[in-house]
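Notebook open, model loaded. I want to go through the sheet, the helices and the cores in turn.

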Amino acid sequence: MLTASNTKTPEQTKVIVGMSGGVDSSVSAYLLKEQGYQVEGLFMKNWEEDDTDEYCAAAQDLDDAQAICDKLEIKLHTINFATEYWDNVFEYFLAEYKAGRTPNPDIMCNKEIKFKAFLEFACEDLGADYIATGHYVQRELRDNSWKMIRGLDNNKDQSYFLYTLNEDQLAHTLFPVGHIEKPEVRAIAEKAGLVTHNKKDSTGICFIGERKFKDFLGQYLPAQPGIIESAEGVAVGHHDGLMYHTLGQRKGLRIGGLADAGEEPWYVVEKDLLRNVL
(Lines give C-alpha, C1' and ligand atoms only; values in the text may rest on other atoms or scores of the structure.)
Protein backbone atom coordinates (compact mmCIF):
# COMPACT_ATOMS: atom_id res chain seq x y z
CA MET A 1 0.00 0.00 0.00
CA LEU A 2 1.40 3.36 -1.02
CA THR A 3 1.11 6.24 1.40
CA ALA A 4 0.76 9.95 0.83
CA SER A 5 0.45 12.86 3.19
CA ASN A 6 -2.40 15.31 2.83
CA THR A 7 -0.74 17.76 5.23
CA LYS A 8 2.08 18.81 2.92
CA THR A 9 2.02 22.11 1.08
CA PRO A 10 2.58 22.09 -2.68
CA GLU A 11 6.14 23.29 -2.08
CA GLN A 12 6.74 20.19 0.05
CA THR A 13 5.04 17.83 -2.38
CA LYS A 14 6.90 15.99 -5.14
CA VAL A 15 4.93 15.12 -8.26
CA ILE A 16 6.21 13.01 -11.15
CA VAL A 17 4.35 13.83 -14.37
CA GLY A 18 4.04 11.18 -17.05
CA MET A 19 5.40 13.08 -20.06
CA SER A 20 4.16 11.67 -23.35
CA GLY A 21 5.46 14.45 -25.56
CA GLY A 22 1.93 15.71 -26.14
CA VAL A 23 0.18 18.93 -25.20
CA ASP A 24 -1.91 17.48 -22.36
CA SER A 25 1.01 16.21 -20.28
CA SER A 26 2.96 19.36 -21.14
CA VAL A 27 0.24 21.61 -19.72
CA SER A 28 -0.19 19.28 -16.74
CA ALA A 29 3.47 19.78 -15.82
CA TYR A 30 3.21 23.53 -16.43
CA LEU A 31 0.13 23.95 -14.24
CA LEU A 32 1.58 21.94 -11.38
CA LYS A 33 4.79 23.96 -11.42
CA GLU A 34 2.76 27.18 -11.48
CA GLN A 35 0.93 25.91 -8.38
CA GLY A 36 4.25 25.51 -6.57
CA TYR A 37 4.71 21.72 -6.62
CA GLN A 38 8.11 20.04 -6.87
CA VAL A 39 7.66 18.78 -10.42
CA GLU A 40 9.71 16.28 -12.39
CA GLY A 41 8.84 14.47 -15.60
CA LEU A 42 9.11 10.84 -16.62
CA PHE A 43 9.02 9.50 -20.17
CA MET A 44 8.05 5.85 -20.55
CA LYS A 45 9.15 3.72 -23.47
CA ASN A 46 6.66 0.88 -23.69
CA TRP A 47 7.40 -0.62 -27.10
CA GLU A 48 10.64 -1.77 -28.70
CA GLU A 49 10.81 -0.75 -32.33
CA ASP A 50 13.57 -0.72 -34.92
CA ASP A 51 15.49 2.52 -35.15
CA THR A 52 14.38 2.72 -38.77
CA ASP A 53 10.72 2.09 -37.99
CA GLU A 54 8.92 4.83 -39.89
CA TYR A 55 5.68 4.28 -38.00
CA CYS A 56 6.75 4.88 -34.42
CA ALA A 57 6.98 8.43 -33.14
CA ALA A 58 8.66 7.52 -29.84
CA ALA A 59 11.90 9.33 -30.66
CA GLN A 60 10.07 12.54 -31.58
CA ASP A 61 7.86 12.25 -28.52
CA LEU A 62 10.93 11.96 -26.30
CA ASP A 63 12.47 15.02 -27.96
CA ASP A 64 9.26 16.99 -27.35
CA ALA A 65 9.05 15.82 -23.73
CA GLN A 66 12.66 16.89 -23.19
CA ALA A 67 11.99 20.27 -24.81
CA ILE A 68 9.05 20.88 -22.48
CA CYS A 69 11.03 19.90 -19.39
CA ASP A 70 13.89 22.16 -20.48
CA LYS A 71 11.43 25.02 -20.96
CA LEU A 72 9.92 24.44 -17.50
CA GLU A 73 13.37 23.85 -15.99
CA ILE A 74 12.42 20.49 -14.53
CA LYS A 75 14.23 17.16 -14.64
CA LEU A 76 13.12 14.47 -17.09
CA HIS A 77 13.58 10.81 -16.15
CA THR A 78 13.30 8.05 -18.74
CA ILE A 79 12.47 4.41 -18.17
CA ASN A 80 11.91 1.38 -20.36
CA PHE A 81 8.78 -0.60 -19.52
CA ALA A 82 8.82 -2.57 -22.79
CA THR A 83 9.18 -5.94 -21.03
CA GLU A 84 6.28 -5.22 -18.67
CA TYR A 85 4.22 -3.96 -21.59
CA TRP A 86 4.84 -7.08 -23.66
CA ASP A 87 4.08 -9.44 -20.78
CA ASN A 88 1.05 -7.68 -19.32
CA VAL A 89 -0.50 -5.81 -22.23
CA PHE A 90 0.55 -7.09 -25.63
CA GLU A 91 0.29 -10.82 -24.88
CA TYR A 92 -3.17 -10.19 -23.43
CA PHE A 93 -4.02 -8.24 -26.57
CA LEU A 94 -3.01 -11.15 -28.83
CA ALA A 95 -4.74 -13.76 -26.64
CA GLU A 96 -8.01 -11.81 -26.77
CA TYR A 97 -7.89 -11.52 -30.55
CA LYS A 98 -7.08 -15.20 -30.85
CA ALA A 99 -10.18 -15.93 -28.73
CA GLY A 100 -12.33 -13.90 -31.12
CA ARG A 101 -12.64 -10.78 -28.98
CA THR A 102 -11.55 -7.22 -29.75
CA PRO A 103 -9.80 -5.80 -26.67
CA ASN A 104 -8.80 -2.22 -25.98
CA PRO A 105 -5.09 -2.38 -25.06
CA ASP A 106 -5.13 1.20 -23.75
CA ILE A 107 -7.27 0.09 -20.81
CA MET A 108 -4.82 -2.66 -19.93
CA CYS A 109 -1.90 -0.28 -20.44
CA ASN A 110 -3.39 2.13 -17.93
CA LYS A 111 -3.98 -0.68 -15.47
CA GLU A 112 -0.63 -2.44 -15.74
CA ILE A 113 1.80 0.25 -16.85
CA LYS A 114 0.79 3.85 -16.17
CA PHE A 115 -0.98 3.31 -12.86
CA LYS A 116 1.00 0.32 -11.64
CA ALA A 117 4.57 0.15 -12.95
CA PHE A 118 4.89 3.93 -13.34
CA LEU A 119 3.15 4.71 -10.07
CA GLU A 120 5.29 2.26 -8.11
CA PHE A 121 8.52 3.44 -9.73
CA ALA A 122 7.70 7.11 -9.14
CA CYS A 123 6.76 6.67 -5.49
CA GLU A 124 9.22 3.98 -4.45
CA ASP A 125 12.29 4.83 -6.57
CA LEU A 126 11.92 8.55 -7.18
CA GLY A 127 10.33 9.48 -3.86
CA ALA A 128 7.19 11.00 -5.32
CA ASP A 129 4.12 11.87 -3.28
CA TYR A 130 1.95 11.76 -6.39
CA ILE A 131 2.07 11.04 -10.08
CA ALA A 132 0.19 13.16 -12.59
CA THR A 133 -1.05 12.47 -16.10
CA GLY A 134 -2.74 14.45 -18.87
CA HIS A 135 -5.91 12.35 -18.84
CA TYR A 136 -9.24 14.15 -19.10
CA VAL A 137 -10.77 12.84 -15.89
CA GLN A 138 -11.24 14.25 -12.41
CA ARG A 139 -11.13 12.80 -8.93
CA GLU A 140 -13.31 13.73 -5.98
CA LEU A 141 -13.15 12.89 -2.28
CA ARG A 142 -16.47 11.44 -1.16
CA ASP A 143 -16.99 9.94 2.31
CA ASN A 144 -13.21 9.83 2.83
CA SER A 145 -12.72 7.86 -0.38
CA TRP A 146 -11.39 9.04 -3.73
CA LYS A 147 -13.76 8.56 -6.66
CA MET A 148 -13.12 9.13 -10.34
CA ILE A 149 -15.53 11.39 -12.20
CA ARG A 150 -15.79 12.41 -15.82
CA GLY A 151 -13.58 15.09 -17.29
CA LEU A 152 -15.15 18.49 -17.88
CA ASP A 153 -14.69 18.26 -21.66
CA ASN A 154 -17.27 15.74 -22.84
CA ASN A 155 -15.48 15.44 -26.17
CA LYS A 156 -12.26 14.34 -24.48
CA ASP A 157 -13.46 12.52 -21.34
CA GLN A 158 -11.27 9.45 -20.72
CA SER A 159 -12.92 7.93 -17.65
CA TYR A 160 -13.84 4.86 -19.73
CA PHE A 161 -10.15 4.08 -20.26
CA LEU A 162 -9.42 4.38 -16.54
CA TYR A 163 -12.31 2.39 -15.08
CA THR A 164 -9.92 -0.22 -13.60
CA LEU A 165 -8.25 2.27 -11.24
CA ASN A 166 -8.78 1.59 -7.57
CA GLU A 167 -9.11 4.07 -4.72
CA ASP A 168 -5.46 3.79 -3.69
CA GLN A 169 -4.27 4.58 -7.22
CA LEU A 170 -6.62 7.57 -7.43
CA ALA A 171 -5.38 8.79 -4.06
CA HIS A 172 -1.87 9.08 -5.49
CA THR A 173 -2.72 10.58 -8.88
CA LEU A 174 -3.38 14.14 -9.99
CA PHE A 175 -5.22 15.05 -13.20
CA PRO A 176 -4.34 18.72 -13.78
CA VAL A 177 -6.29 19.18 -17.04
CA GLY A 178 -9.36 17.16 -16.08
CA HIS A 179 -11.33 20.30 -15.24
CA ILE A 180 -10.30 22.13 -18.45
CA GLU A 181 -11.63 21.89 -22.01
CA LYS A 182 -9.15 20.93 -24.73
CA PRO A 183 -9.16 24.26 -26.61
CA GLU A 184 -8.22 26.02 -23.38
CA VAL A 185 -5.43 23.51 -22.77
CA ARG A 186 -3.94 24.39 -26.15
CA ALA A 187 -4.37 28.11 -25.43
CA ILE A 188 -2.53 27.71 -22.11
CA ALA A 189 0.27 25.86 -23.88
CA GLU A 190 0.61 28.52 -26.56
CA LYS A 191 0.62 31.35 -24.02
CA ALA A 192 3.29 29.54 -21.99
CA GLY A 193 5.44 29.07 -25.08
CA LEU A 194 5.27 25.27 -25.06
CA VAL A 195 6.32 23.72 -28.37
CA THR A 196 3.57 21.10 -28.16
CA HIS A 197 0.73 23.67 -28.22
CA ASN A 198 -0.22 22.76 -31.80
CA LYS A 199 0.97 19.15 -31.85
CA LYS A 200 -1.59 16.77 -33.28
CA ASP A 201 -3.28 14.45 -30.80
CA SER A 202 -2.12 10.85 -30.98
CA THR A 203 -4.74 8.40 -32.18
CA GLY A 204 -4.99 4.66 -32.50
CA ILE A 205 -3.03 2.03 -30.62
CA CYS A 206 0.40 3.19 -29.50
CA PHE A 207 2.38 0.16 -30.68
CA ILE A 208 0.74 0.15 -34.12
CA GLY A 209 1.21 3.81 -34.91
CA GLU A 210 0.23 4.72 -38.46
CA ARG A 211 0.39 1.19 -39.79
CA LYS A 212 -2.71 -0.51 -41.11
CA PHE A 213 -4.13 -2.56 -38.26
CA LYS A 214 -4.75 -5.55 -40.51
CA ASP A 215 -1.12 -5.66 -41.64
CA PHE A 216 0.19 -5.34 -38.09
CA LEU A 217 -2.01 -8.04 -36.58
CA GLY A 218 -1.14 -10.41 -39.42
CA GLN A 219 2.51 -10.33 -38.31
CA TYR A 220 1.62 -11.99 -35.00
CA LEU A 221 -1.48 -14.08 -35.67
CA PRO A 222 -2.03 -16.23 -38.77
CA ALA A 223 -5.16 -15.19 -40.65
CA GLN A 224 -7.73 -17.88 -41.41
CA PRO A 225 -10.10 -16.85 -44.21
CA GLY A 226 -13.62 -18.20 -44.07
CA ILE A 227 -17.29 -17.81 -44.98
CA ILE A 228 -19.68 -15.00 -44.07
CA GLU A 229 -23.20 -16.20 -43.41
CA SER A 230 -26.49 -14.41 -42.94
CA ALA A 231 -28.38 -14.94 -39.68
CA GLU A 232 -30.36 -17.60 -41.55
CA GLY A 233 -27.19 -19.55 -42.37
CA VAL A 234 -26.92 -18.58 -46.02
CA ALA A 235 -23.41 -17.96 -47.34
CA VAL A 236 -23.19 -14.34 -48.49
CA GLY A 237 -19.45 -13.69 -48.74
CA HIS A 238 -15.96 -14.36 -47.50
CA HIS A 239 -13.85 -12.88 -44.71
CA ASP A 240 -10.04 -12.67 -44.43
CA GLY A 241 -10.03 -13.72 -40.77
CA LEU A 242 -12.41 -13.45 -37.82
CA MET A 243 -9.81 -11.45 -35.88
CA TYR A 244 -10.29 -8.54 -38.28
CA HIS A 245 -13.95 -8.09 -37.35
CA THR A 246 -15.82 -6.98 -34.25
CA LEU A 247 -19.42 -7.33 -33.11
CA GLY A 248 -21.56 -4.51 -34.39
CA GLN A 249 -19.23 -3.78 -37.31
CA ARG A 250 -20.87 -2.43 -40.43
CA LYS A 251 -18.13 -1.23 -42.76
CA GLY A 252 -15.58 -3.33 -44.59
CA LEU A 253 -17.66 -6.49 -44.92
CA ARG A 254 -17.71 -6.39 -48.75
CA ILE A 255 -21.16 -7.95 -49.02
CA GLY A 256 -23.25 -4.99 -50.17
CA GLY A 257 -25.46 -5.09 -53.23
CA LEU A 258 -26.51 -8.74 -52.96
CA ALA A 259 -29.55 -9.77 -54.92
CA ASP A 260 -32.75 -10.24 -52.86
CA ALA A 261 -30.97 -8.79 -49.80
CA GLY A 262 -32.72 -5.42 -49.78
CA GLU A 263 -30.95 -2.16 -49.08
CA GLU A 264 -30.60 -2.51 -45.31
CA PRO A 265 -26.99 -2.46 -44.03
CA TRP A 266 -25.28 -5.63 -42.79
CA TYR A 267 -23.86 -5.85 -39.27
CA VAL A 268 -21.64 -8.43 -37.56
CA VAL A 269 -23.73 -10.22 -34.92
CA GLU A 270 -21.65 -13.32 -34.15
CA LYS A 271 -18.26 -14.94 -34.69
CA ASP A 272 -18.31 -18.76 -34.78
CA LEU A 273 -14.76 -19.71 -33.86
CA LEU A 274 -15.25 -23.46 -34.23
CA ARG A 275 -16.52 -23.17 -37.80
CA ASN A 276 -14.52 -20.02 -38.60
CA VAL A 277 -17.69 -18.37 -39.81
CA LEU A 278 -18.63 -14.71 -39.52
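This is a predicted model: local features need pLDDT of at least 70, side-chain atom pairs count only at pLDDT 80 or more; totals for chains, interfaces and linings use all residues.

Helices here are DSSP runs of H or I with at least four residues, numbered from the N terminus. I need that to say where a helix ends: just after α1, Gly36 takes a positive phi of about 100°.

**Entry: helix α1**

I stayed with α1, which covers residues 23-34. From first C-alpha to last, its 12 residues reach 16 Å, close to the 16 Å expected at 1.5 Å a residue. Is α1 mostly covered or mostly open? Mostly covered, as I count 9 of its 12 residues as buried.

Next I traced the strand order. Five strands make an open sheet, β3-β2-β1-β4-β7, with parallel pairing. β3 (76-80) and β7 (173-174) are the edge strands; each has a single partner, so one side of each has no neighbour in the sheet. I checked how β2 and β3 are joined: they run parallel, with 5 bridges between them. One pair I wrote down is Leu42, whose bridge partner in β3 is His77. α4 packs on this sheet, touching β1 (14-18), β2, β3, β4 (130-132) and β7. I get about 135° between the direction of α4 and that of β4.

**Entry: the cores**

Which residues have the most contacts inside the largest nonpolar core? I found Phe118 and Leu217, in a core of 36 residues. At least two residues of this core come from each of β2 (38-45), α3 (82-98), α4 (105-125), α5 (167-171) and α7 (213-218). The most come from α4, which gives 9. I followed up on Leu217: beyond its neighbours within four places in sequence, its contacts are Phe93, Leu94, Tyr97, Met243 and Tyr244. Apart from this core lies another, of 27 residues, and Ile68, Tyr130, Ile180 and Ala192 are among them.

**Entry: Ser145**

Last, I looked at Ser145, which sits in strand β6 (145-150). Buried or exposed? Ser145 has 17% relative accessibility, so I put it down as buried, the cut-off being under 20%. Leaving out neighbours within four places in sequence, I see Ser145 in contact with Glu140 and Glu167.

Key:
Residues are numbered from 1 along each chain as its sequence is written. Side-chain values use heavy atoms; hydrogens and water are left out. A nonpolar core is a set of buried Ala, Val, Leu, Ile, Met, Phe, Trp, Tyr and Cys residues joined through side-chain atoms within 4.5 Å. Buried means under 20% relative accessible area, exposed over 50%, partly exposed in between (1.4 Å probe, protein chains only). Contact means heavy atoms within 4.5 Å. Two strands pair if DSSP finds at least two bridges between them. Axes are lines fitted to C-alpha atoms, for helices over the stretch in contact, and angles run from 0 to 180 degrees between N-to-C directions. The expected span of a helix is 1.5 Å times one less than its number of residues.
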